[in-house]
Each structure stands twice: as structure tokens, then as C-alpha cells.
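I opened the model and kept notes as I went. The entries below follow the order in which I looked things up.

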Amino acid sequence: HMEPRRVVVTGLGALTPIGNTLSAYWEGLLSGTSGAAPITYFDPTLFKTQFACELKNFDPLDHLDRKAVRKYDRFAQYALVSVAEALEDAALPLEKVDKDRVGVIWGAGIGGLETFQNEVLNFAASNENPRFNPFFIPKMIADIAPGLISIKYGFRGPNFATVSACASASNAMIDALNYIRLGYVDVMITGGSEAAVTKAGIGGFNAMHALSKRNDDPKTASRPFDKDRDGFVLGEGSGALILESYEHAVARGATIYAELAGGGLSADAHHMTAPHPEGLGAIKVMENCLRDANLKPEDVDIINMHGTSTPLGDIAESNAIVAVFKEHAYSMNINSTKSMTGHLLGAAGAVEAIASIMAMKYEIVPPTINHQTADEGIDQKINFTFNQPQKRTVNVALSNTFGFGGHNACVVFKKIH
């Protein structure tokens with residue numbers, strides 16, 4: 001049995017509601033910026049929720065040619081933009097790497113929702129005359145994002161999409177980690193993207209009573225762990241990570257952000273949309289992740305929680321953390337960057353992992369903003385990093401993502417010493 005190879009992060013790219021590049025995103029996190037604002041993509045007047053965390057001042061034509069923009073759904077455009085930034089950040093010498101040994105595993109919870117919505121609306125409006133855009137299917141399918149990335153750069157390694165709702169990007173990272181560990185590839189492009197701020201997206205989540213309806217004050221609507229939270233705020237965007245085997249990165253003199261030390265997966269096996277009340281799946285996924293990384297609970301310094309700002313989810317996850325970490329739960333910094341970015345669904349795992357890696361690099365933990373009133377149902381001894389960033393040395397960072405269907409994924413990063 002060969003020893004599994006170590007896997008490191010050498011490049012990052014971010015396209016988020018609080019910053020369109022990695023550095024702008026990090027700045028937005030540290031300044032406690034809220035990405036929530038009234039919806040501009042369509043007229044939301046008749047919807048129960050009229051705000052979301054949209055991208056700001058983003059023009060796809062700054063990054064892609066007109067033909068590509070017409071042919072690709074927004075979720076795929078976002079993927080290409082963040083991957084381009086991550087590859088540049090990694091300074092990966094594209095003309096030298098063995099492209100048979102570079103793969104792409106990408107997460108998307110829904111894929112081309114806007115494309116699907118618009119094609120069906122057009123079909124209904126045309127008196128059921130079956131004229132569909134020839135790009136309808138390739139624009140909509142979730143796996144087109146990794147496909148387009150491989151086509152653009154010529155990467156011929158393993159290539160597919162992971163779909164596990166809000167755990168999709170974390171699932172992608174864990175699969176990418178294992179393909180490198182097992183020696184199938186040297187480099188993996190991974191992450192996730194989502195573009196669900198659409199009539200169907202807002203209307204669908206509204207019908208489930210999942211979204212905050214704080215229309216009079218969108219900026220404070222995403223308030224994880226706050227007594228007056230009333231649901232999540234829908235976000236959009238993309239996060240990309242370049243993973244390499246440690247040997248490959250060192251051989252080319254790459255700058256290493258962190259080691260992706262392990263990943264855990266579990267299922268709640270409980271309910272379509274509600275978390276397990278005792279947080280059983282959440283407990284199991286964190287335990288699995290630590291075991292995979294060969295780490296003890298007391299090794300962990302920070303956790304970027306799933307922390308969506310839903311009444312049930314925040315309590316279940318907080319309880320799960322105390323169950324796994326016992327007394328150590330109170331000496332960590334816990335945060336939820338969703339308080340700023342909103343919930344990026346299938347892209348959440350990637351943009352939140354990036355926040356954790358940056359916290360490790362700069363030794364400062366981004367805040368959980370919008371906290372006003374303590375919730376007695378949540379353990380008040382936990383340090384949720386409320387409202388202000390906090391300085392601390394971060395050697396080990398954990399990031400949780402839980403999806404509808406009871407899918408749980410957790411990744412853990414370690415400082416390279």
C-alpha cells in the first residue's frame with residue numbers, strides 16, 4: 001500500500017457578492033460588509049422576499065467574449081471567471097504541466113436555473129410552439145461548468161460535477177483531494193458556482209419558507225445565531241481552488257497557502273430539508289473529517305460554520321459542535337461568513353473554505369455580522385466572532401456545509417510548517 005500523497009492549495013479565485021476578486025472578497029469579509037440589497041435582476045415586487053446577495057458591478061464581457069456569454073448560463077460564466085483568477089494566482093505553467101494529469105471537479109447545487117426558467121417561460125408564451133434554444137440543454141446541465149473549464153485550458157484528467165445541494169463544492173473538493181491522494185492526477189481545479197437569484201430561485205425558496213423576509217432592512221437580514229433570524233439570504237457567485245500534490249507544488253516552486261488535510265461526508269437520513277434535531281449528521285461529518293485528517297478535536301482553531309441564519313439549522317449545528325469538541329468548543333473561534341455573502345448554495349463550500357484559508361494566512365478571523373440579540377437556545381459560551389474580526393493564530397481550520405437532502409460535507413485545512 002502506497003502512502004496517500006499530501007495535497008496542498010496553491011491558488012484561489014473568488015467572485016462573490018462582497019467582492020469580485022480574491023483580494024476584494026477578503027477585504028469585504030474583514031470590513032464586515034453585507035452583500036444583501038434589493039434584487040435588480042428582475043422585478044421582485046410580487047415576491048415575499050425582494051432582496052438577495054447579487055454580484056455588484058460584474059460584467060461578464062470584461063472576462064468572456066460575447067459569443068461565450070450568450071452560450072453559457074451565469075453559473076458557468078462565474079466558474080470560468082474564478083478559475084481564471086485561481087490559475088493566475090497559482091502561477092501554474094500551463095505550457096509545461098502534463099494536462100493528462102490535471103482534472104476538474106466542480107460543484108453546483110442547481111446549475112443553469114435561469115436558462116431552464118427562461119426557456120420554459122418562452123415555451124409557455126409562444127402558445128406551446130416547441131421552439132427551444134439549441135443551447136438550452138448544454139447551458140443548463142450542472143456538469144457543463146467543469147466541461148467548459150477543461151475545454152478552455154485543455155485539462156484532460158477526471159472531469160465531472162458534484163451535486164449535493166449546499167454541500168456540492170465541499171464534495172467537489174473532497175473528491176479532488178482523493179484523486180490526488182491516490183495518484184491519479186497531480187493537479188485538480190475544484191470549487192463551485194451558483195446563479196440562482198432568479199424568479200424561480202426566489203419563488204421556490206419562498207414557497208418553502210426558507211428565505212428571510214426582512215425587506216425593510218436587507219443588509220441585516222442574514223443574522224446567524226441571532227434570536228430574530230428568519231431564514232437565509234440567497235447569494236450567488238463562485239469560488240475556485242487549485243489543489244496539487246505536495247511534491248508537484250514543491251517541484252515547481254509554487255507558493256503554498258495551506259494543506260487540505262482531510263474531508264468528511266455523512267447523511268442525516270432524516271428529512272428532505274430540515275436538519276437532524278440532534279445534529280447527528282453534523283456530528284458524524286466533523287468526526288469523519290478529523291479522523292480522515294488524523295487530527296484531534298483540540299487541534300482545531302476555527303470553524304466556518306454552515307450557519308445559514310435559519311431557526312433550526314443554527315441550533316442543530318451549534319449543538320453538534322459542542323458534542324464533538326466538548327470543552328474545546330469554547331476556546332475556538334467560530335464564524336459564519338454567510339452573514340456577509342448570503343448563502344451561495346452549491347458554491348458555499350468553496351467561498352467559505354477560501355475565507356478559512358485566508359484567515360490562516362493573515363491570522364485574523366472574519367466576523368459573523370448582524371448579531372444583535374442572543375438566542376437562549378444557542379450555547380452562549382461559544383465565541384461566534386460577532387460583529388468584529390478577531391486576531392488569532394490559525395493552524396487548523398474546519399469548514400462545514402450541509403445540504404437539502406441531508407447531505408453533509410466538511411473539509412479541514414492545516415498550516416504548512
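**Entry 1: Arg291**

I started at Arg291, which is found in helix α10, residues 280–293. The model is a predicted one, so I note that before anything else. Is Arg291 buried or exposed? I read a relative accessible area of 56% for Arg291. The cut-off for exposed is over 50%, so Arg291 is exposed. I then checked Arg291 against Gly264. The two are 27 residues apart in sequence, and their C-alpha atoms are 8.2 Å apart in space.

**Entry 2: the whole chain**

Next I stepped back to the protein as a whole. I counted 13 helices and 14 strands. How does the radius of gyration compare with the globule rule? I got 20 Å for the protein, close to the 22 Å that the rule gives for 417 residues. The protein is therefore as compact as a globular protein of that length. Along its principal axes, the C-alpha trace spans about 65 × 55 × 40 Å.

I looked up burial too: 58% of the 417 residues count as buried. The protein exposes about 16,300 Å², and 54% of that comes from carbon and sulfur atoms. For contacts I took residues at least 6 apart in sequence, and 80% of those contacts join residues at least 24 apart.

I picked one helix pair. Two packed helices are described by the angle between their axes and the distance between the axes.

Which residues make the contact? On α7 I found Ala169, Ser170 and Met173. On α13 I found Gly349, Ala350 and Ala353. I sorted the residues of this contact into 4 nonpolar, 2 polar and no charged.

**Entry 3: Ser336**

I moved to Ser336, in the loop between β10 (333–335) and α12 (338–341). Its relative accessible area is 0%. Buried means under 20%, so Ser336 is buried.

What does Ser336 touch, leaving out residues up to four places away in sequence? I listed Pro224, Phe225, Asn304, Met305, His306, Gly307, Pro367 and Thr368. I also checked Ser336 against Pro366: they are 30 residues apart in sequence and 8.4 Å apart in space, C-alpha to C-alpha.

**Entry 4: His276**

His276 lies in the loop between β8 (258–267) and α10. I read 12% relative accessibility for His276, which counts as buried. Beyond residues up to four places away in sequence, His276 touches Asp268, His270 and Ala316.

**Entry 5: two positive phi values**

I finished with backbone angles. His209 is not a glycine, yet its phi is positive, at about 60°. I placed His209 in the loop between α8 (199–207) and β7 (237–245). At 59% relative accessibility, His209 counts as exposed.

Thr385 is another residue other than glycine with a positive phi, near 55°. I placed Thr385 in the loop between β11 (364–365) and β12 (390–391). Is Thr385 buried or exposed? I read 0% relative accessibility, so Thr385 counts as buried.

Notes. Residues are numbered from 1 along each chain as its sequence is written. This is a predicted model: local features need pLDDT of at least 70, side-chain atom pairs count only at pLDDT 80 or more; totals for chains, interfaces and linings use all residues. Side-chain values use heavy atoms; hydrogens and water are left out. Helices (H or I, at least four residues) and strands (E, at least two) are DSSP runs, numbered from the N terminus. Buried means under 20% relative accessible area, exposed over 50%, partly exposed in between (1.4 Å probe, protein chains only). Contact means heavy atoms within 4.5 Å. Ala, Val, Leu, Ile, Met, Phe, Trp, Tyr, Cys and Pro count as nonpolar, Asp, Glu, Lys and Arg as charged, and the others, Gly among them, as polar. The radius of gyration is taken over C-alpha atoms; the globule rule is 2.2 Å times the number of residues to the power 0.38. Accessible areas come from the Shrake-Rupley method with a 1.4 Å probe; for residues, only the protein chains shown count as cover.
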